[in-house]
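I am opening this notebook to keep track of what I look up.

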Amino acid sequence: MATLAFQGIRKQYGETVALDRLDLDVADGELMVVVGPSGSGKTTALRVAAGLERVTAGAVRIGGRDVTRLPPVAREVAMVFQSYALFPHLSVGDNIGIGLAVRRVPKREAAERVRAAAELVGCAGQLDRRPFQLSGGERQRVALARALVREPAAFLLDEPLSNLDAQLRVQMRAELQRLHRRLGATMLYVTHDQVEALTMGDRVAVLRDGALQQVGPPDEIYRRPANRFVAGFVGSPAMNLLPVVTAADGLRAGPFPLEPPPGSPWPAGRRLELGVRPEHLRVTVDGPGVPAEVQVVEMAGHETYLHLTLGAPGHEAGSGSGQAVVARVGDGLRPAVGSSVRVELPRGHAYLFDADSGETLVQAT
Amino acid sequence: MSTASRTAWRHLPALLVAVGFVAPLVFMVTGSLRQAGLPPPRSPELLPSPVAFGNYPRAFELVDIPRYTLNSLVVVAAAVPLTVLCASWAGFAMSRLPRRSAGALVAVSLVALMVPLTALLVSRFAMFRILRLTDTWWPLIAPSLMGTSPFYVLLFYWSFRRLPAELFEACRLEGMRPLAVWRRVAMPLVRPVAVAVAVFAFVDTWSNFLDPLVYLFDERKFTVPLGLRALSTLDPNNYPLFLAGAVTATAPVIGALLYVQRFFLQEFRGSGWLGR
Amino acid sequence: MIRDRERRDLAVMLAPYLVGLAALVVVPGAVTFALSLFDYDLIRPATFAGLDNFRELARDAVFRTSLRNSLHFVLFAVPVRLAGAVTLALLLHRRFRGVGAYRTAAYLPTVVPDVAYALLWLWLFNPLYGPLNLTLGALGLPQPPWFTGLGATQAAVIIMSVFQLGEGFLVALATRQEIPGELYELISVEGAGPWATFRRITLPLMAPTLALLAARDVIFSFQATFVPALIVTGGGPPPYATTYLPLFIYTNGFQYLRYGYAAAATVCMILVTAYIVLLQYRMVRRWRESFVV
């Protein structure tokens, strides 16, 4: 296993910039998840690491060695493709061992290594079958085994779970993590699913439009987002965002009055946005807080999400009403659609963003 | 309309058409079974009476059909594998090239397809004459270098292009060089196309009349079509005789078609005639 | 870098094809054009003749007749073959039981070797005792004088070529099958009958491929007449009723040993073919622009 580093990577296709000066270090044995929306450059970054794309500028280092000019096979990386890329005409065993056959590894040794890899992922009983006879999850295991048998310095995984159904995805997430721990492997894992990112990664790197937004452990990404984009991208349902306006009695975000945190003045001269996560809004039927009307009730098992419109039904103008927020409530509260509830924004759970740059000015505590 | 009559309505024209197309071939066979030397028929007859198979051995006596068949087989044995190899190599290489280069080669191939063979006849002959290769089989085998026809190259190109790109990327990651990729992955996945090209190349080479006519002078080197023509000039009015020769020349090719037709004429799916 | 090694491998794989194309198509093509300006009989060295060959062609009545015959053939054979191919495709595109056999049957004559095919028709068309005329006679229909009558002989060659429309049939079939079924469902809901459906959906969507097919067929038809003319009609009935351009070229080149002259005739054939294809292209483009969906 080895470290993997992107140094100043820039990738340009004609006029389009896919990656803009990416600097990212993956530690030895770390599972780094690169997450972002479509077009963020995450797949490009992976393919650059693999050697399937040439860089416009910058360097890729694996184990300290500069591999930027080297073709994929010389970099000692293994890749698991989104579509698994299994050879339809070969058996599972031949699929796994294809690299060994190309390198003319003696048959007995090759068979042994294939069997070992297959057992690690749990498909040892299927070595004689063909890909078309396997289910999606089984095919994915074969793709993993093929990567394993190469004994690479780093694993590159391109959205490996996105072709699986929801339940299988949860199962495979756990298995991948188990595999990672067992092997102590350096893994670069690309996904658009932020749940996968938060649950699986040792560290998470968030990309947007080819630029790195933030790198850190999942907890840090979730609780201390560097900017509005990261805050809104991570967490489901997404963070509520309310513009901050100057009212007669001070600053308000929607109907919520704002108090400056102790000891620091408001950042002057900037437009601001307030962010609060759904789980931090306190909703009661007739407790403290501002009134809100229930628009949609989503029941998700043990949690319920309420889509609310702030302000009493009938809208009093000027009170910052009419804005939509989503709140997460526990089991007990099941208001009817159209009914009125009260929403409170407790102290210390709000984020303050610069409305123009998106930068996080004040983190929640 | 009832189901029965709708079926009939659908089948009848198709049946008539099929009969119309097969009829000449049927007549070819039945005509060859007529006893030679009898006065010509006065009325149309489907099957002559008496049925005589004697024309076949007679044809074999008059011209050296076994030898010509052997010659044709030798040419075919050289030309067909060479065609499949060169056409699939070229098609594969084109499919791995960047889009623009591949596009240029496709355009060149299409233009080459349009060039009439007659236009090249005289010049090719002059070229082979200068190389002293006339009266040999080399001019007959040479077109296999370009896959016999640019069309077969294009056929392979389109087939390889249809394979998922990630498959080839996986090959690159495993360190496979293009030839290994062609051998281990690409060709096994286009087997029906390769078989079809082999069969079409067989038909083209076997039936080729113009090139043997122009290049071969020594009767012992004749291929079957040329031998058939010789037979027909020996006894121009003895039609059962030369029909027997025609049947002998045609049978292998019909057999090849019947074998390959299930890839192209039955298995038509909406994805085009390369669908599997 | 290994990427260069990859590129070298690909170059090696392309080499036979490119070498073959150059040696067997490009160079001979260029040589044909060059040869047309020379007198050459393969024994004595070539002598430059400038445009003399072409001037002689213009005066050559046999050449003019051959050209006229070839044009006449192409004018009749190509539309009939194309229409036949499309009709067959429309008839046999659905997948019903036995359709494979019918398709194979339609393709069968195409596969027969040229010589055998020609000899077969030599007999079928025999005016006195060939099955065709005997059957016509038995039905009380007139028996055309194949091989002796001018028009009848030319018609015979056309009929021979029409039976071999298998390749066009395959292409038309594939094209028809690629038209999504939803379009037909849509237009049937609108209440269109078979002719309207054909005119509005089938024909426009098949047109690009058919245009290509027509172009290729024109080129092909100019030379398809060689074997029939050589073996079946012998170029007759006299004088030269079925002597087409390929036969003319072959005779002048390989029998009279006038290779330069034959090359000049070839150049004329290429120019005529190219012109017809160009006309076709213009026609199709104009038709497509006038077609408003």
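Entry 1. Of the contacts in chain A with a separation of 6 or more, what percentage comes from residues 24 or more positions apart? I looked this up and found 65%. I note here that the model is predicted.

Entry 2. I went on with chain A as a whole. I found nine helices and 21 strands in chain A. The C-alpha trace of chain A spans about 80 × 45 × 35 Å along its principal axes. Of the 365 residues in chain A, 40% are buried.

Entry 3. I then turned to a sheet in chain A. It is an open sheet of four strands, and I wrote down the order as 2-1-4-5, with antiparallel pairing. Which strands of chain A sit at the edges? I noted strand 2 (16-26) and strand 5 (65-66) of chain A, each of which pairs on one side only.

Entry 4. I looked up the pairing of strand 1 (residues 4-13) of chain A with strand 4 (residues 57-62) of chain A. These two run antiparallel and are joined by five bridges. For Phe6(A), I found the bridge partner Val60(A), in strand 4 of chain A.

Entry 5. I looked for what lies across these strands. Helix 1 (residues 42-50) of chain A lies across strand 1, strand 2 and strand 4 of chain A. I recorded its direction as about 115 degrees to strand 1 of chain A.

Entry 6. Next I took the contact between chain A and chain B. I found 15 residues from chain A and 14 residues from chain B in it. On the side of chain A that touches chain B, helix 3 (residues 98-102) of chain A gives the largest share, three residues. By class, that side of chain A has eleven nonpolar, three polar and one charged residues.

Entry 7. Last, I checked the confidence in chain B. The average pLDDT of chain B is 85, and 94% of the residues score at least 70. Over residues 267-276 of chain B I found the pLDDT below 50, and this stretch has 18 contacts in the model beyond near neighbours in sequence.

How values were computed
Residues are numbered from 1 along each chain as its sequence is written. Chains are lettered from A and ligands numbered from 1 in the order in which they are written. This is a predicted model: local features need pLDDT of at least 70, side-chain atom pairs count only at pLDDT 80 or more; totals for chains, interfaces and linings use all residues. pLDDT is the predictor's confidence in each residue, from 0 to 100. Two residues are in contact if their C-beta atoms, placed from the backbone, lie within 7 Å. Ala, Val, Leu, Ile, Met, Phe, Trp, Tyr, Cys and Pro count as nonpolar, Asp, Glu, Lys and Arg as charged, and the others, Gly among them, as polar. Two strands pair if DSSP finds at least two bridges between them. Axes are lines fitted to C-alpha atoms, for helices over the stretch in contact, and angles run from 0 to 180 degrees between N-to-C directions. A residue is buried if 20 or more other C-beta atoms lie within 10 Å of its own, exposed if 12 or fewer, and partly exposed in between; C-beta atoms are placed from the backbone.
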